[in-house]
Amino acid sequence: MNAYLDYQSSKPIDPRVFEAMMPYFQDKFGNPSSLHQIGDEATKIMEESRQTIANFINAKKEEIIFTSGATESNNLAFFGFAMRNKEKGNHIIISEIEHISILNITKQLVKLGFTISKVPVDQYGRVYLDKIKDRLTDKTILVSIGYANNEVGTIQPISKIGAFCREKNIMFHTDAVAAEGLLTLDVKRDNIDLMTLSSNDIYGPKGIGVLYIKTGIRLNPTIIGGGQEHGKRSGSENIPGIVGMAKAAEIMQKEMDMEIERLLGYRIKLIKNILEKIPRAYLNGHPEERLPNNVNLRFDGIEGESLLLSLNDKQISVSTGSACSSKTLEPSHTLIALGLIHEEAHGSLELTVGRFNTNNDVEAVIKALPEVVDRLRKLSPLYE
Amino acid sequence: MKSTAYSEKVLDHFRKPRNVGTMEGEDIGKGRVGNPVCGDLMEFYIEVKDNRIKDIKFQTFGCGSAVATASMITEMAKGKTLEEALKITRKDVADELDGLPPIKMHCSNLAADALRDAIKNYQKKKGQTSETEVKEEKFSKEIAGEKEFLNKGVYHDASDISSFEGKRTLIVDRGEQSIAAAIKLSKHIPRVVFLTPGKNVSASEELATKLKKANVKILYESELLEIHGIRTVEKVLIHDLNEDTKYELFVDAVILL
């Protein structure tokens, strides 16, 4: 049996979600744009789904725009908002530890004449409001800070940042993907103007996501076509995906409290045991202000990809922030922003637990990891 | 291609690396090569008899292919003359392993380089041309941002520990008092980085050992170039003297005694 502790990378779809989607591939295949009965049925289920997802984040139905996933939602939020509002200003503030999609989107925006400021984080990965204030100019039109970090799990003071931006009349976007299903999302409480959501991160299907756009905010579309989604995102709607995401949100809303408690138990057990059993092992990220499913560690003298491969041989699936496992051969920008040097970022191990993990999976890691670390340290010139 | 898309041969050498270890002695050449991009490090030891590599050992800090290429080259080099061994290229190693993912070719480059370094070290040893390395000490050099951030993250005095509470602190080597300050601070704050231009910490053995045992991250062969931030110190630019590369390190405080 494979112990899968990489829920941050990909989640299986919940069987109940899968079942709810099935009719919409063959029997209920209508296009909401069609005027006949089959088309009307599609419209009806789409709007019901929209309402379910709106409820999940305390938004209005009209504020939910379906996209193909979180990356597209981030593109729509940044390009759509920036291009529509460039007369008002050309300055955008993000953090040093945003998701790679946002980092690359902002690189493109620089080419289009925008200026980007990156807010540094502390050693635990926390963003401070004061550091945002330091960067504010009269040209600032958008602030975007991830709700929680996808690598080290650090939770940001979103409510505080939202309240500040609202007061200054600057739009506030948050990529909430890493926090979905792990923290209660509430766009009203947190004064959020734009929010990125993914379906797979709440055990829904891939290929569907949402951008929440607060009523009154104007965006240019990034995908142009038949004018679906109020012209903000054209293309025939992915009805099975939409139904699946709504079902996933519905299940999550009901079961979240129980699930969080269980995952938190795993997190605490993993961190405690690993730090006790392995000398010169350290926790990356914040000890408490972190997502209940996230464990991120580093071990002196060990490289992450070697660790990943060795655990893979023991049927354990994990992630690493090591440069060796990335497409660019650069170490994780998040770990560097925490103040780690390359060598330390190199040795990181990320464990993320989820809905279908059992205590056996946790035990398997606790048993295997000390052996693997010990073997690799014997190979290492950096460990005495 | 995925980094884990390795051939069976690569995986075999990764799982059961050959010739791991270190050696010491008169006829031993030692090589050490680092990759500044990804931080890999490799050390090779060769024992030479009658101009042939009689024994060879290695240690590595790196990814799967770093381990496998190092292991493979030890098998390839053993028994060869020094001249033959010097001719082994990264391509030879990769071919012998039934290929590597393209992005990983730099790792096997490292193994060939480290072996060459060990051979050269041996030849130098036997040729008695002991080069003493001269490293300029640049204590008095002006660091960009030093004045701007004075008392806003840059400190000339480390005695008031409360100013460093919760801060990632970088201490630049300015002699024994800076080492003592690093050791003292490490007992109170979680992150202390000590930056020295030398290959070793130059201090009394007692103090140097204390520093290594303390919760202090030591950056050797490095110098501080610039200090950056808005209002307060947020990051610094460091020059890796060995690799001649520059990189950013996020810190909240810099101590220049």
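**Domains of chain A**

I began with the spacing of the two domains of chain A: the centres of domain 1 and domain 2, taken over C-alpha atoms, are separated by 28 Å. Domain 1 of chain A covers 3–9 + 256–379, and domain 2 of chain A covers 15–251; these bounds come from an automatic or database domain assignment. A reminder to myself: this is a predicted model, where local features need pLDDT of at least 70, side-chain atom pairs count only at pLDDT 80 or more, and totals for chains, interfaces and linings use all residues. Residues are numbered from 1 along each chain as its sequence is written, while chains are lettered from A and ligands numbered from 1 in the order in which they are written.

Next I looked up where the two domains of chain A meet. Domain 1 of chain A gives 22 residues to the contact and domain 2 of chain A gives 22 residues (two residues are in contact if their C-beta atoms, placed from the backbone, lie within 7 Å). On the domain 1 side, helix H7 (239–277), strand E10 (294–299) and H9 of chain A each supply at least two residues. Helices here are DSSP runs of H or I with at least four residues, strands are DSSP runs of E with at least two, and both are numbered from the N terminus. H9(A) provides the largest share of that side, 3 residues. By class, the side of domain 1 of chain A that touches domain 2 of chain A has 6 nonpolar, 12 polar and 4 charged residues. For these classes, Ala, Val, Leu, Ile, Met, Phe, Trp, Tyr, Cys and Pro count as nonpolar, Asp, Glu, Lys and Arg as charged, and the others, Gly among them, as polar.

**Where chain A meets chain B**

I then turned to the contact between the chains, which takes 27 residues from chain A and 31 residues from chain B. Helix H5 (129–135), helix H8 (304–313), helix H9 (333–337) and helix H10 (342–346) of chain A each bring at least two residues to the chain A side. H8(A) has the largest share of that side, 4 residues. I noted 12 nonpolar, 9 polar and 6 charged residues on the side of chain A that touches chain B.

**The sheet of chain A**

What is the strand order of the open sheet of 7 strands? I read E2-E8-E7-E6-E5-E3-E4 in chain A, with mixed pairing (two strands pair if DSSP finds at least two bridges between them). Strand E2 (64–67) and strand E4 (115–119) of chain A are at the edges with a single partner strand each, so one side of each has no neighbour in the sheet. Neighbouring strands of this sheet are turned by 20° against each other on average, direction ignored; axes are lines fitted to C-alpha atoms, for helices over the stretch in contact, and angles run from 0 to 180 degrees between N-to-C directions.

3 bridges join it to E6(A) in parallel, and 5 bridges join E7(A) to E8(A) in the antiparallel sense. A:His173 has A:Leu194 as its bridge partner, and A:Thr196 stands opposite A:Leu211.

Why is E7(A) largely enclosed by the rest of the structure? It is because 5 of the 5 residues of E7(A) are buried (20 or more other C-beta atoms within 10 Å of a residue's own; exposed is 12 or fewer, partly exposed in between, with C-beta atoms placed from the backbone). A:Leu194, A:Thr196 and A:Ser198 lie on one side of E7(A), and A:Met195 and A:Leu197 on the other.

Helix H3 (residues 70–84) of chain A lies across several strands, including E7(A), to which it runs at about 160°.

**Nonpolar cores**

Last, I checked the cores (sets of buried Ala, Val, Leu, Ile, Met, Phe, Trp, Tyr and Cys residues joined through C-beta atoms within 7 Å). Of the 111 residues in the largest one, A:Val143, A:Tyr212, B:Val251 and B:Val254 touch the most other members. H7(A) gives the largest share of this core, 9 residues. A second, separate core of 64 residues includes A:Leu307 and B:Tyr6.
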